[in-house]
Amino acid sequence: MDTKVLLELLCNGNGVSGYEHNLQDAIKSAFNRYTNDIKVDKLGNIIAFKKGVSNSDNIRIMLAAHIDEIGLMVKDIEENGFIRFTNIGGIDSRTILGQEVIVHGKEDLFGVIGSKPPHLQEASEHDKAIKMEDMIIDIGYSKEKVHSLINIGDTITIRRSLTNLQGSRVTAKALDDRAGVAVIYETMKELNKMKHEADVYFVSTVQEEVGMAGAIVSTFGINPDIGIAVDVGFGATPELSKSDSLELGKGPGITLGGNIHPGLRKKLTEVAAEYNIPFQMEITPGLTGTDARAMIMTKEGIPSLVLSIPLRYMHTSVEVVDMVDIKHSAKLLAFFIASISNENLEGLLCY
């Protein structure tokens, strides 16, 4: 399957944190061709294993990209059939007013998010963002019909399909972090052309947006020698400073900061330079806010890296990435994995 086709399939799907099982079959079907074994753990993490060629105790490298997306949840049904809702994950309520949504009840139901018209607002309300608790979802049915199809706790996603922009850029919901899943899928395909000593675990993690539970348990089970979180970074737009953002189309961001292993980070940049793969530096002094945060604190500690795909308009329904960056990220990861051996690992991990 073409990587862009997989990305479109995943982004158009429904996988709010805690409900990622809706995407399992698509991921397993895609990963199966390029790996030796696939399993799903008790939380729903999909762990695909690709064996290395070493005859000694193989190094274990774990790549993690989270499959969950931010979303909404039904919390009440009004007398007139309007649906009250709350958020799952970090949603900016300013971005959802007027959006089309799908309520995932006994069947998928189309609706719209509305609120009090500006004509009827008090003067004091005009300059204030409308709060989520003051919005409703209207699906057009009576209370009785809504109750027959929808339960409290049903999830809701923004109705949006992946769309091509100009050039090699695409826009969609949930590119955070289904673009990362696309990167690890493309990495599998690249590694299929190479010899690598390390055993590689490609993990589609769950619940990253609500506490990183998926990365915590999967890292504990694998106990890798090296952990790499593949996530998204803030794509450059006019209002962002250059030091806080990444340019689209200029390669992935290699994170530099307190949670990143310096020896591995140096090796990653050397590999990028050796193979002429463009990259950018992403400065993150403290916690990375990615699955790497869970990795570094698992068991005795896992030396970890973060590779960031430049993404604009994070946590909205119109996130934007450049497919070129996905290709470059995968090539960099594949060459990095192929460069790791039993002979050089200890030196790379030394401080």
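Modeller: Residues count from 1 along each chain as its sequence is written, and side-chain values use heavy atoms, without hydrogens or water. In this predicted model, local features need pLDDT of at least 70 and side-chain atom pairs pLDDT 80 or more, while totals for chains, interfaces and linings use all residues.

Biologist: Is C11 buried or exposed?

Modeller: Buried means under 20% relative accessible area, exposed over 50%, and partly exposed in between, with a 1.4 Å probe and protein chains only. C350, at 46%, is therefore partly exposed. C11 has 0% relative accessibility, so C11 is buried.

Biologist: How many disulfides does the structure hold?

Modeller: A disulfide is a pair of cysteine sulfur atoms within 2.5 Å. By that rule, the number of disulfides in the structure is zero.

Biologist: Which element gives the most to the lining of the largest pocket?

Modeller: On a 1 Å grid over the protein atoms alone, a pocket is an open set of points with protein on both sides within 12 Å along at least five of seven lines, a cavity is a set where a 1.4 Å probe fits but cannot get out, and lining residues have an atom within 4 Å of a point. The largest pocket holds about 380 Å³ of space, and 25 residues line it, with V232, G233, F234, E282 and T288 closest to its centre. With four lining residues, the top contributor is β13.

Biologist: What volume does the second largest cavity have?

Modeller: Its lining includes E20, L23 and Q24. The volume, meaning the space filled by probe spheres set on the grid points, is about 40 Å³.

Methods:
Helices (H or I, at least four residues) and strands (E, at least two) are DSSP runs, numbered from the N terminus.
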